[in-house]
Amino acid sequence: MSETYDLFKNRVGEVHDLGAAMGLMGWDQEVYMPDKGVAARARHRSTLAALIHDRIVDPGLGELITRLQNVQLEGFEAANVAEMKRQRDRSVRIPRQLVADLARETTLAQQAWVAARKEDRWELFSPHLSKLVDLKRQEAEAVGYETEAYDALLDEYEPGAQAAQLADLFTEVRQGLVPLLADIVAADNPPTDALCRGDFSVEDQDRLGRLVLANMGFDFESGRLDISTHPFTEGLDPTDVRITTRYQNTCLLEGLYSNLHEGGHALYEMGLPMDYAGQAVGQSASLGIHESQSRLWENLVGRSANYMNWLQPQMAEIWPSVFGKASGDDLWRAVNVVQPSLIRTQADEVTYNLHIILRMEIERALIAGEVEVAQLPSLWREKVRHYLDLDVPSDTEGVLQDIHWSFGLFGYFPTYALGNLYASQFFAAAEAALPDLGAQISAGQTAPLLAWLREKIHSQGLLHQAGDLCRQVTGQDLSAQPFLTHLRQKFGQIYHLNG
Ligand code: CO
């Protein structure tokens, strides 16, 4: 039996290593690759994608899995086999031709999306999107589903999640957010972020970024920080985790919070179980859980009053004339301004999930065939008016703003909202387990929090599916309540809503 498991392990390791090569190429494309390399890189990656698909669907791997299912395995080993079986069953159902069609059409769609967004011409992108929606519907039919086709797509990013359940959860979120947002918008003397606006060199911001990351526990001997257009994290192994950021000369917030966000993703990757590196069970539990780690550091830690007590003197050392006279409290207000806006990536903690909810509604209807691609620009305007009370002046600031659909990522957006909910629930559990947490964060001591996250979440890898992990860590099913409680409490104070 151990021989069978070793054979299985080797094959899984090969699949993972090919994936790491693809990941490194993707990282390089965003950080270093010269512009003219794009066509060749698309070819390199599509060759690797096909090889990975071949390795996964290989009958030899299927046979090993079948044999191991008849053997009594436990813990990580059992989870490793179960997860690989899940991934393989999905891949086997998707015809190779469809994999190739999707690889080709997404490359074309991305190019078209860049041009359409730049020129604000929806018609350049819409034919590609129609094709992709058609291919993703085919994928969903091939994979299979119980209730609706969208579930089959969602399942790739958030195993076990179902659209109808998420929709109920998000309705609860929306019903909590709408009155809170109305109170905030109507509040007198709202805070401003003027303190964080001015002239800040990239060099100084990089210094702050590295200081913040080191303080979180980011290991620079197992990770790198670089610059890219869109910040992201690429974990090749717990010992090699790449994050990127972007800095604006006129405002500190984007760089600072992108570092905290990607730093949170990176800590998860660095803390995954070393003994299972390169195995299916050695990966993150789901994208929603991954996003919970980034959001926890970005918002629950990084936008808290406690953290600002520590951060303010650090910032005063780098920019004495700007932050020398400001208090931690001043800084706390400046980083927590709530303002309905058009662009998801710039949204604050309160309005962010509304951006996700409208995207999920649109893509769910699209995959169900209830709306056509041609209707999307007007549908987008309608929903932004409804949820955020804003007019959308252009498609570039509307339906064309996100890259996801051009990659064929349908069912991905909900994981962002799930991340926000998990983050609040996990942080509440951490506060209960670590009574001195607030004082520790205030003193810049984040190690106890990281140790707790390492033990409860990071080191678990994919031993448990997301929902089970949540119950294990917090004793409860995932709920909207910790998130809504956190927002009401914090913004009630900042906007003086409670009398
Ligand atoms: Co993220």
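**Close-up views of a predicted model**

The largest cavity has a volume of about 60 Å³, where a cavity is, on a 1 Å grid over the protein atoms alone, a set of points where a 1.4 Å probe fits but cannot get out, and a volume is the space filled by probe spheres set on the points, which are joined across faces, edges and corners. This is a predicted model, in which local features need pLDDT of at least 70 and side-chain atom pairs count only at pLDDT 80 or more, whereas totals for chains, interfaces and linings use all residues. Residues are numbered from 1 along each chain as its sequence is written, and side-chain values use heavy atoms, with hydrogens and water left out.

**View 1. The largest cavity and its lining.** A search of the whole structure finds 2 cavities of 30 Å³ or more. The largest cavity is lined by H16, G235, L236, D237, P238, E269, L272, A277, G278, G282 and Q283, lining residues being those with an atom within 4 Å of a point. Strand 2 (residues 233–237) gives the largest share of this lining, 3 residues; helices (H or I, at least four residues) and strands (E, at least two) are DSSP runs, numbered from the N terminus.

**View 2. The cobalt site.** The cobalt ion is coordinated at 2.2 Å by H261 (NE2), H265 (NE2) and E291 (OE), where donors are N, O and S atoms within 2.8 Å of the metal (3.2 Å for Na, K and Ca), and the site may look incomplete because water is not among the atoms. Along the sequence, the spacing of these donor residues is H-x3-H-x25-E. Because H261 and H265 are 4 residues apart in helix 10 (residues 253–271), about one helical turn separates them. Both histidines, H261 and H265, are buried, a term that stands for under 20% relative accessible area, with exposed meaning over 50% and partly exposed lying in between (1.4 Å probe, protein chains only).

View 3. In helix 19 (residues 447–456), the buried residues are L449, L450, W452 and L453. They cover an arc of only 160° around the axis, so they lie on the same side of helix 19, the arc being that of the directions from the helix axis to the C-beta atoms. On the other side of helix 19, A447 and E455 are exposed. The cover over the buried residues of helix 19 includes helix 9, helix 10, helix 11 (287–301), helix 17, helix 18 (437–442) and helix 20 (466–474).

**View 4. Two residues with positive phi.** N189, which is not a glycine, has a positive phi near 45°, and N189 is found in the loop between helix 8 (163–186) and helix 9 (202–216). With a relative accessible area of 70%, N189 is exposed. D389 is likewise a residue other than glycine, with a positive phi of about 60°, and D389 sits in the loop between helix 16 (376–388) and helix 17 (414–433). The relative accessible area of D389 is 55%, so D389 counts as exposed.

View 5. A search of the whole structure finds 0 disulfides, a disulfide being a pair of cysteine sulfur atoms within 2.5 Å. For C196, which is in no disulfide, the nearest cysteine sulfur is that of C251, 6.4 Å away. C196 is buried, at a relative accessible area of 2%, and C470 is buried as well, at 0%.

**View 6. The surroundings of F200.** F200 is placed in the loop between helix 8 and helix 9, and F200 counts as buried at 1% relative accessibility. Not counting residues up to four places away in sequence, F200 touches L195, Q205, Q248, N249, T250, C251, L252, W319, V322 and F323, contact meaning heavy atoms within 4.5 Å. From C-alpha to C-alpha, F200 and A79 are 48 Å apart in space, and they are 121 residues apart in sequence.

**View 7. The surroundings of L463.** L463 is in the loop between helix 19 and helix 20, and L463 is partly exposed, with a relative accessible area of 23%. Once its neighbours within four places in sequence are left aside, L463 is in contact with G75, F76, A79 and V281.

Methods. On a 1 Å grid over the protein atoms alone, a cavity is a set of points where a 1.4 Å probe fits but cannot get out, and a pocket is an open set with protein on both sides within 12 Å along at least five of seven lines; lining residues have an atom within 4 Å of a point.
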